[in-house]
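Open the structure in your viewer and follow along. Each stop says what to select and what is there.

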Amino acid sequence: MSPSESIPAQVVQLQVLLGAALERIRQLEQENARLRERQGQNSTNSSRPPSSDAPGTVRAKKKKRRGRRPGGQPGHPKHERALVPKESVDEVVDVLPKHCPQCQGKLKGKDAEPQRHQVVDWEPVKARVTEDRCHQLKCQRCGSLRRAKVPAEARSAFGERLGASMSLLVGKYRLSKRLVCEVVSDMGGVQVSVGSVSNLEQQMSAVLRAPVEQARAYVRNAGVVHADETGWAQGVKQGRAARAWLWVVAGTLVVVFQIALSRGSQVIQGLLGKDFNRWSAYDGYDAGLRQVCGSHLTRDFQGFIDRGGKGGRIGRELMAQRHRMFKGWHRVRDGTLKRREFQKRMREVERTVGVLLRQAASCAEKKTAGGARRILRLEKCLWVFVDVPGVEPTNNYGERTIRQGVIYRKLSFGTRSERGSRFIERILTVVTTLQQQKRNPLEFLTQVLSAYRRGLPPPSLLPAFDSAQAAVSA
């Protein structure tokens, strides 16, 4: 082949190589953009926690310092420890002055209204041991020997209050089983094995099943609930912790937890029913029944701004509307703005946000446009709180209630079995619900364990009024 004939072939070969090189450059640019975006993620524009932020991350502006010292300010009402009523005092010590400091004269009599000062102490914790002596007696008629059986309520080696205390140490105070054994030994002188703690957990789990199911039904019929989910670990799969999720649905006075191996819609429908965020598991519910968390929207808008370009400009305008929304809502919550006036003002905000999101979906950069389209699919869910009393613009309440489960997961790395998951979800349900109702969890766990061992109906987790209504209905 002559040199002149080989030139077109070389040109074609170079064009192929150039095309391949340009395609490779395009792929690397996309990969670089993804990595840069991931590197730029922080707690302000993604779901990452603030603890993962790199040093120097710019966060939301803090409130201006007012030059005040930390602590209570002059003129604020005192919050002093309340005195125990006189009838509840165990010991009274009268402290009488003997001499007048001025003239050294003797002082006589008693003050009708002396100044009261109380010292609260804890008596030594001492285990109370009850021994059942099962006698064997001879029948007077046939001569056979018969031994009495241990009563059903006394067959466990540990009483109701001790068993309830150990479950509470695990569920509320997040102690390991080994630490529970040490606490019980150090404070009460009771020797307990790790296996005994585990057995008591399973008994408590069975005890709490009925009250927790009643709480599930109550939350399912509640007018307003907050729902959230977070990662969990249950058991081991292929040498690693198996993936699971901890769900929570929180009403005003009743909170229900559930650990599931799925993050799908069947879990939330099982908790709330088939009639109720932006997670696709909630897509089965009417948009008019759901409120998207405003804090998540804030992160999305900040993400638009951080990516820059046309989407960055739109993101800044969306953030300004977000500030208007929260400013008006805070006034409604504080009682300085009537809801009707707030609703009128929010109509303009709703229209503006809708226009801006459609602009971003049509002309912004690819990532920002995709985010805008995802938000537009749930546009009706952005404004439910405006018209429905009791609904808030954020899911802060749900996130606060699930926090105890998150801390437990970080300390224990999840659960080892399904039985362990049932105990944790039930004890978290009980502890968190009773905290909302300002009820004593130790007293409740003691009562429910006592009722279980005697074959009696368990006490209810529902608020007092609803419990009475449920009893009447039954």
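Start with how angles are read here: an axis is a line fitted to C-alpha atoms, for helices over the stretch in contact, and angles run from 0 to 180 degrees between N-to-C directions. Keep in mind that this is a predicted model.

**Stop 1: helix 4 and helix 12**

Select residues 194–220, which form helix 4, and residues 418–436, which form helix 12. Their axes come within 8 Å and cross at roughly 55°. Helix 4 is therefore oblique to helix 12. The crossing of the two is left-handed.

Now show the side chains. On helix 4, the contact is made by E201, Q202, M204, S205, A206, L208, R209, V212 and R216. On helix 12, pick R419, G420, R422, F423, E425, R426, I427, T429 and V430. Colour this contact by class: seven residues are nonpolar, four polar and seven charged.

**Stop 2: helix 2 and helix 4**

From helix 2, select G163, A164, M166, S167 and V170. From helix 4, select V197, L200, E201 and M204. This contact of helix 2 with helix 4 has six nonpolar residues, two polar and one charged.

**Stop 3: helix 8 and helix 9**

Move to helix 9, residues 366–376, and its partner helix 8. They pack at an angle of about 140°, with axes 7 Å apart. The two helices are therefore oblique to each other. Helix 8 passes helix 9 in a left-handed crossing.

Select G354, L357, R358, A360 and A361 in helix 8. They meet A369, A372, R373, I375 and L376 in helix 9. By class, the contact of helix 8 with helix 9 has seven nonpolar residues, one polar and two charged.

**Stop 4: the largest cavity**

Which residues line the largest cavity? Select L297, F301, L318, Q321, R322, M325, V349, V353, L382 and W383. The cavity has a volume of about 70 Å³.

Helix 6 (294–307), helix 7 (309–334) and helix 8 (339–363) each supply at least two lining residues. Helix 7 gives the most, with four. The lining has eight nonpolar residues, one polar and one charged.

Terms used: Residues numbered from 1 in each chain as written. Predicted model: local features only at pLDDT ≥ 70, side-chain atom pairs only at ≥ 80, totals over all residues. Heavy atoms only, no water. Parallel < 35°, antiparallel > 145°, perpendicular 65-115°, else oblique. Left-handed = near helix turned anticlockwise from the far one by under 90°. Contact = heavy atoms within 4.5 Å. Nonpolar A, V, L, I, M, F, W, Y, C, P; charged D, E, K, R; others polar. 1 Å grid on protein atoms, 1.4 Å probe; cavity = no way out; pocket = protein on both sides within 12 Å on 5 of 7 lines; lining within 4 Å. Points joined across faces, edges and corners; volume = space filled by probe spheres on them.
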